[in-house]
Amino acid sequence: MTSKTKNSSVPYAPGCNSNSDNSILQVRNLRKWFNVKSAFRFAGRDLFGTTSWLKAVDDVSFDIEYGKTFGLVGESGCGKTTTGKLILQLEKLSTDGSVDAGNIFFKGEDLKNLSDAGKKEYRTSIQAVFQDPWSSLNPRMRVRDVIGEPLKIATKMTRSQINSRVSEVLEEVGLHSYQSNLFPHEFSGGQRQRIGIARALALQPELIILDEPVSALDVSIRAQIMNLLVDLQKEHNLAYILIAHNLATVRYMCHQMAVMYLGVIQEMGDTEAIFNDPMHIYTNALISAALPSHPDIEREEIILPGEVVSPIDPPSGDVFMTRTPLEVDEKHEYFSTRPNLVEKSKNHWVIDTPWSLATKENRVKMASLELD
Amino acid sequence: MSTKKKISTKQFKDGFGPSTVKEDIILSVKNLKTNFTTKWGTVKAVDGVDFDLRKGETLGIVGESGSGKSVTSLSIMRLVPDPPGTIEDGEIILNGRDILKLSEKEMTEVRGGEVSLILQDPMTALNPVFNVSNQVGEAISIHQGLKGATLWEKVVESLKSVRIPAAEVRAKDFPHQLSGGMRQRVVGAIGISSAPSVLIADEPTTSLDVTIQAAYLRLLKQIQAESDIGIIFITHDFGIVAKMCDRVAVMYAGRIVESADVRTIFNNPLHEYTKALISSVPKLEEKTGRLAQIEGQPPMLWDLSEGDAFAPRSKLKFKPEDAKIRPKLVEVSPDHWVQLSKASVEDFEKYSHLVDY
């Protein structure tokens, strides 16, 4: 860090334990509200109808520790990818102006207060690997240029330095340096994902955002890529944010995780704590719907009433109350105000309302099978 | 907003009860060979595949991309694009007749009538400019010759059979107005509207969320229990196999390398590829240690050797000449078939009396 002036302190948020010394990234009250205008417009004016807000990410706070993996899980539309984009600064934080859009703290320093050099360090320290290795690599660029482009933009390296760095990262992800002359279409899906990882590694980042890095790959290749990511993490002390919907992948890769629903974190904490004792009904429902690893494992499915609600103008209280199978008390304070995460056991936080915690009937039974 | 909601914590035993497999074989594929002519040479996409499907049974065909599982399904539908593809050899006996011998006109009636196909992506399978009732109705009017009000009733009925709520309203919707899960149900409704005896589901849930995927799989099981339909489930996900299938055929490079009932495959896999596939998937139920990974890439199908295609990726120690023998698929125990090769079956010696090499 170039400017180590500790003038800003990271505010406390429920669910975030670690102090800024061991966290590379801390997000606080992150919000991304999209303005959705009604369809009836004429000459640039709303004739009738109103402006609504699509709350893709609403008051999300978490910490990412150095060298650890943080998993974001949820169904499509829950805001997990938008959260990743906000951190990558591909989307700007925004609200309707009535509430604060939140802050991102990089190594204890508010992003808004960073100097130009600090911002540059932020952008090089945070890289991304995307889901689809077919569309995330430019088909008209050679691998050398795909991987070398971030180096060309962000560093003052000469062409030969860039080439040797490209060869270095290619070897690191299990490809050969002579392959830097080839085009992306000359590689298989797994190899292309390796190229994507090499591109993310080129600038020696400290945090990589992995947005569904293996779900587009073949089963036999997935293990290769997951093992590669785990090895690279150990070697370079990388932090990952893993955005995924496959819970088994999350359990394998992540140290901490958060379950999101409708833009709000419902349950957060150590991955093993959550899988061993999922508390929120939504987490239980997700786990119960996941596919078993053996035909003799029968999990009874917990089916939530209704469908995923639209994130346009969600309830002002607990967002989960429209899906809970339990009775909702209209007089309860969380019917109209947002509940906070509560620490139920060590490093295990959950939204605690009378209708959100799993009761005996809707708790998933994680029958593990002793195989001979 | 009324918050007095019915407490529906009832947990479903979902249709995943005892299997409904009957003895009658409805589909029998024998020595199917489908080739594609490419500029690199002839690609043997399906190279001598045999399997039977019984009434009420779910057969999982598992394999990576390029293993020939989708071409097998297209061959059964007779939808292999010709040129470049041709069905070189084999028989596909559906309800007692060889559909490879049917004329294209006769095949039109079989396709969608006796056997239907559900594809992976519901957005490309549905036409965006026609509403749901047009598209479901098209299949029904071709196969059952219904018109007007009776057709409409049948459309609504088949939408109800895939549990689409407010089917009369939804029937007038266009595909873009439906969610992903609902779209896939519409595709399912088209598939089963003419009560086929075989339904081929080609990775129908890969683009869906976990909860929607679970609901869709449950729906397929329920439909199967109601109508004794035989389902061929094409997938690369062993989780789906564990949840859905009665029997499994594992394909590699156009051939079946192992096939058995689902418990045998999980408890006692013999082929190295099957073993590796199962152990390379992280488990949800427990913290998994380092994953076993299969080294290398799936082979390019145009330069396949005559021998054991899996040998280059096998972890076993073997002599190079062992890999050059074309392995035979033999029955090592009742209804457990393995492609026996020294290069990719660890217990080869135990079964070596079954083959002449």
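1. Both B:Glu57 and B:Arg247 are buried. Their side chains meet in a salt bridge, with an N to O distance of 2.8 Å. The two residues come from distant parts of the chain, 190 residues apart: B:Glu57 sits in the loop between S2 and S3 of chain B, and B:Arg247 belongs to strand S9 (residues 247-252) of chain B. As with everything in this note, the pair is taken from a predicted model.

2. Over all chains, the structure holds 36 salt bridges. One of them joins B:Asp24 to B:Lys55, with the closest N and O atoms 4.0 Å apart. This pair also links distant parts of the chain, 31 residues apart. B:Asp24 lies in the segment before strand S1 (25-38) of chain B, while B:Lys55 lies in the loop between strand S2 (41-54) and strand S3 (58-62). B:Asp24 has a relative accessible area of 42% and is therefore partly exposed. B:Lys55 is partly exposed as well, at 31% relative accessibility.

3. A further salt bridge in chain B is formed by B:Asp98 and B:Lys101, whose closest N and O atoms are 3.1 Å apart. B:Asp98 counts as buried because its relative accessible area is 13%, under the 20% cut-off. B:Lys101 counts as exposed because its relative accessibility is 67%, over the 50% cut-off.

4. In chain A, salt bridges also occur as a network. A:Arg31, A:Asp58, A:Asp59 and A:Arg338 are linked in this way.

5. A:Ser288 is part of helix H9 (residues 281-289) of chain A. At 1% relative accessibility, this serine is buried. A polar atom of the A:Ser288 side chain lies 3.0 Å from the backbone nitrogen of A:Ile302. Apart from neighbours within four places in sequence, A:Ser288 is in contact with A:Arg299, A:Glu300, A:Glu301, A:Ile302 and A:Val364.

6. On the surface, B:Trp40, B:Met300 and B:Trp302 form a nonpolar patch, and together they have about 350 Å² of accessible area. B:Trp302 is located in the loop between helix H11 (272-279) and strand S11 (328-333) of chain B. Its relative accessibility is 33%, so B:Trp302 counts as partly exposed.

7. The domain assignment of chain B lists domain 1 as 122-195 and domain 2 as 270-283 + 291-354. The C-alpha centres of domain 1 and domain 2 of chain B are 44 Å apart.

How values were computed. Residues are numbered from 1 along each chain as its sequence is written. Chains are lettered from A and ligands numbered from 1 in the order in which they are written. This is a predicted model: local features need pLDDT of at least 70, side-chain atom pairs count only at pLDDT 80 or more; totals for chains, interfaces and linings use all residues. Side-chain values use heavy atoms; hydrogens and water are left out. Patches are made of residues with over 30% relative accessible area and no salt bridge: like charges are joined within 9 Å, nonpolar side chains (Val, Leu, Ile, Met, Phe, Trp, Tyr) within 5 Å. Accessible areas come from the Shrake-Rupley method with a 1.4 Å probe; for residues, only the protein chains shown count as cover. Helices (H or I, at least four residues) and strands (E, at least two) are DSSP runs, numbered from the N terminus. Buried means under 20% relative accessible area, exposed over 50%, partly exposed in between (1.4 Å probe, protein chains only). A polar contact is a pair of N or O atoms within 3.5 Å; within protein, one must be able to donate a hydrogen and the other to accept it, and residues adjacent in sequence count only if both atoms are side-chain atoms. Contact means heavy atoms within 4.5 Å. Domain bounds come from an automatic or database domain assignment.
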